[in-house]
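Please read these points alongside the coordinates. They cover selected residues and helix pairs.

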Amino acid sequence: MKCIGKSVLIFLCIFSLFSLTIYSPSTAMAAKAIPGSMAEKVPKVNAAFDVNKMGNMSDFDPSNPIIPTGDTIKIAVVWPFSGPGALNGEIAWIGFAWVAHDINKRGGIWVDGKKKLIEMIKADSMSKPDQAKKICERMVLQEKVNILVGTSGSNIQKIINETGATHKVLTVNIGSLADELNDATNFSRYNFMSSDSTEQIGRAMAYFYGQIRKKEKKFYILCQDYSFGHGLAEGFKTGLKEYYPEAQIVGEDYHKLFLTDFAPYLTKIKASGAEVIYTGDWTPDAGNLLKQSRQTGIMTPFANIFMDEPIMLHEVGVEGTKGLMHIDHYNMPNMFKNPGYVKYYSIWHKLWETKWKTAPFNSTLFAHGTGTIGSWTQQIYWMLSVVERAKSTDPEKVIKVWEGDTYKFVNGRIIKMRACDHKAIQDFEIAEYVTPEQQKVYFSIPPYHWFTGASGPGPAWLVPAAKALPWIDQKLERCADKNGWGE
Amino acid sequence: MDATTSMYVAQGIHGLAYGMVLFLIASGLNVIFGMMGILNLAHGAFFMLSAYFCYSVLNLTGNFWLALLLAPLFTAFFGIILERFFLRKMHAMGHMGELIMTLGVSLVILAAVKIFWGTENLPVKMPPILEGMVSLGGLEYPVYRLFIIGLAGVVLAIMTLLLYKTRLGKIVRAAVSDREMVNALGINIPVVFMVVFGVGTWMAGVAGVVIAPILTVFPGLADQVGMDAFLVVITGGFGSLLGAVIVSIIFGLLSSYGVQFLSQLAPVVMVGFMALVLAIRPSGLFGVKE
C-alpha cells in the first residue's frame, strides 16, 4: 500500500507540473523553441549581450552623463529634444547615455587600430523636417559624426537616411516603424532599420487574435491619420485575412495627430459593437484615447503598441487598464526567469530608485527600462557590437558585418538584420494587462508586480517571427526572388 | 431612446461640450483682441500654464475646486504682468511688435514649463463627484462633460453681464470705441486694458483647468488646442463674443457629426467651414468691417 501511495504521490507531482506548464502561457513558451520563432530559426547567434562584461554603472546619471571628447566614435542622437515631442528625446537619450557609459567604462571599442570611447551628441530635430535637415548636415559636416541614429517620426527618419546616403555616412533607424523607409524608392545601403516595422506589428497582432487567443471577433481600427497609422492598419487587415478570416472589422477610422476630443469616435465604436479596438496611437494620443474611453464608460479592450506609458496608466487606474493587449518590441515572456536579465534589470532599477533624482528620469516612466526604452537601448548595443566586430567605423566594413547579422538582447530576444533591405526580423510578445496581484506570472521577482496603481503585463504569448516577417519590397532589386527571411 | 437615436444625441452633446471648451479658450483670445487690438499669440501658452498650475495645486491640496479657483487666478496674474511690463510699452510700436512679443512670451512659458514641471505627461484627476455617468432619458452620459457645458454657460453669463450690464463693461466698450474721449473723461485707460488682459488670460486659465482631466498635461498642450481656438476667433469675427459662442458650438458639432458621417473628412471639416465663411464674409461671421 505504501508503495502505491508513493507512486500516486509522484504521479500527482508530475501531473501538477505538467498542468502548470499547459496553463501558464509564459512558462509554455520557455519549454522549447516555438516553430517559426527566432530561437528555432537562429539556434546560434553571431553575438550576444553579456551582462557580466558590463562596466561599472554605479555612477551613471542620465541628467549628468560623462561625455568624452577627442578621438572618439561620434554618434549623433537625432531626436526632438524640444517642442511637443521632447519626451521622446529624453527616452532615447537615457538609452544612448547608458550604453555610452557602459562601453566607455569597459575602456571603449577597438576600431581602426586603437581603442576609442563613445561620444554621444544630442542633435535636436524639434520634430521639424527643416530643422532635422539642418542638424543632420551639421552633424556630418561640422561634427564629423560616424553614425546618425534616429528617431521618432518616419518623416524625420527619412531626412536622416537621405543625409547619410548623400554623404556616405551610416544611419541607423531604431525608432521609426514605417515600412516605406526601406522600400525600393527609399532604400539606402547606408541605412539599417533595426527597429520593428508597421506590417510586422499589424500581422503579429492579427496572428495573436486568430491563432492564439481565438476569442474576440469584432475589431474596430482607430489609428492616427498619417503613414504610420495607415501602415499599422493595413498590416492588421492583411494579417486578419491570413490568420483570422472569420474576424470582422466593424469600423475603421483615422484621427488627426494630437486630437483633443475622442468622444465622437468612441460613441461610434460603442455603437459598432466592437469587442476590441485596435490602435497604434502613441503618446499623448494613446493616453487621451484610453482615458476618455474609460471616462465615457467604454471599457472595450485596446490592442495596442504604445499604450504602455506608466504615468498615463496610473491615471486611468487598475480597473481601466485591465484587459489591454499590448504588443511589445522588447519584452519577452519569461524574461524575469533569465538570471542575466534579472541582473541587468536590477542594475537599472536600483539606479532609478537611488540615484536618478532629476526630472524626467525620476518618474515612473523610467523605473523599469523595459518596452521602448529597453528596445532602443539594446538596439544601440547591437549597433556598437557590429562596429566592434567590424573593427572599424568605415561604413563599408560595418555594412559587411551587419547584413545578415544576428544578435541576442539581454532579455533573450533574438534579432536578425535581413541583408537585402536592412530590415530587422524578430519575434513579438503580446501580453494581457492584469491587476498587480496577478502579475506574478510575468514579473516573477520581488515585488512581483510592475506597479501597484495600474494593471500591467501578466500572461504573455510569443508570436513567432515567421508569422510576422517584415514586409519585403520585391521591386527592390536586391530583394528580388528573396523570401521573407531574405533567403 | 433606441440605440441609434442615443448615438446621435450623444454626438450632439459631445459637440456641445467640445464647443464649450473651445469657447472658453477662444473667448479669452477674442476679448483681448476685441478690446485691445492685440492678437495674443501667447494665449495657448497661458491655457497650458493654467493646466500645469492646476496639476500643482491639486498635488498640494488634493482639491480640484481649489485648483479651479486658483490656477486661473495665477494665470491671470502672469497675464497682467505681461500686459503691464511688456505689452504696454510695445503698444506704441504697433501690432507687429506685440505679435513678436507675445510669440516670444509663449516660447518663454514653454521653456519655463519644461524647467519646472519637466517634459513628461502629468495626470490630473477629476473630482469624484464629477466622475461616472448620468442617465439622460436612457442615454448614459459622462457627468464631467455636462459640467463643462454648465461651467462654460456660467462664464458666458458672467462675461455678458460684465460687458453689457456693468459700469466697467460700459467703460471698456467705450474705450474700444474712442480711447481718447474716455481718457479725457478721467478714466485710466491703461488700467482698464490691464484688467481686460487679465480677464482674457483668466478665461484661458479656466479652460486649462477644465480640460486637464480630459487631456494629458504636457508641453505640447498649447499647440494641441490653441490652433482650434484661433480658427474660432477668425471664423466668428475678431472681437465678437457672440461670434465666439456660436462658432465654437458649430465647430464642436461639426467635429462630432463630422466623425459620425464623414469620418475621412473630419480632420478638415472645421477648416473647410472657416474657408467657406471667410469666402462669403471676410471679416468673419459676426465680425465688423473695418
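1. B:Gly28 touches B:His43, B:Gly200 and B:Met203, where a contact means heavy atoms within 4.5 Å and residues up to four places away in sequence are not counted. The residue belongs to helix α1 of chain B; helices here are DSSP runs of H or I with at least four residues, numbered from the N terminus. B:Gly28 is buried, its relative accessible area being 0% (buried means under 20%, exposed over 50%, partly exposed in between, with a 1.4 Å probe and protein chains only). B:Trp202 lies 174 residues from B:Gly28 in sequence, yet their C-alpha atoms are 7.5 Å apart.

2. On provenance: this is a predicted model, in which local features need pLDDT of at least 70 and side-chain atom pairs count only at pLDDT 80 or more, while totals for chains, interfaces and linings use all residues. Residues are numbered from 1 along each chain as its sequence is written, chains are lettered from A and ligands numbered from 1 in the order written, and side-chain values use heavy atoms, leaving out hydrogens and water.

3. How does α1 (residues 3-36) of chain B sit against α5 (residues 143-165) of chain B? Their axes come within 8 Å and cross at roughly 30°, the axes being lines fitted to C-alpha atoms over the stretch in contact, with angles from 0 to 180 degrees between N-to-C directions. α1(B) is therefore roughly parallel to α5(B) (under 35 degrees; over 145 is roughly antiparallel, 65 to 115 roughly perpendicular, the rest oblique). The crossing is left-handed, that is, the near helix is turned anticlockwise from the far one by less than a right angle.

4. The residues in that contact include B:Ile13, B:Leu16, B:Met20 and B:Phe23 from α1(B), and B:Leu146, B:Ile149, B:Leu156 and B:Met159 from α5(B). By class, the contact of α1(B) with α5(B) has 17 nonpolar, 2 polar and 1 charged residues. Here Ala, Val, Leu, Ile, Met, Phe, Trp, Tyr, Cys and Pro are nonpolar, Asp, Glu, Lys and Arg charged, and the others, Gly among them, polar.

5. In chain A, helix α10 (residues 285-295) packs on helix α11 (residues 310-321) with axes 10 Å apart and an angle of about 45°, so α10(A) is oblique to α11(A). This crossing is left-handed as well. A:Gly287, A:Leu290, A:Lys291 and A:Arg294 of α10(A) meet a set in α11(A) that includes A:Met312, A:Glu315 and A:Thr321. The contact of α10(A) with α11(A) divides into 4 nonpolar, 3 polar and 3 charged residues.

6. A:Glu396, in helix α14 (residues 395-402) of chain A, is partly exposed at 35% relative accessible area. Its side chain makes polar contacts with the side chains of A:Arg189 at 2.6 Å and A:Tyr190 at 3.0 Å. A polar contact is a pair of N or O atoms within 3.5 Å; within protein, one must be able to donate a hydrogen and the other to accept it, and residues adjacent in sequence count only if both atoms are side-chain atoms.

7. Is A:Thr163 buried or exposed? A:Thr163 is buried at 0% relative accessibility, in helix α6 (residues 154-167) of chain A. Beyond its neighbours within four places in sequence, A:Thr163 is in contact with A:Lys133, A:Cys136, A:Glu137, A:Val140 and A:Leu148.

8. B:Phe86, in helix α3 (residues 64-90) of chain B, is partly exposed at 40%.

Notes:
Helices (H or I, at least four residues) and strands (E, at least two) are DSSP runs, numbered from the N terminus.
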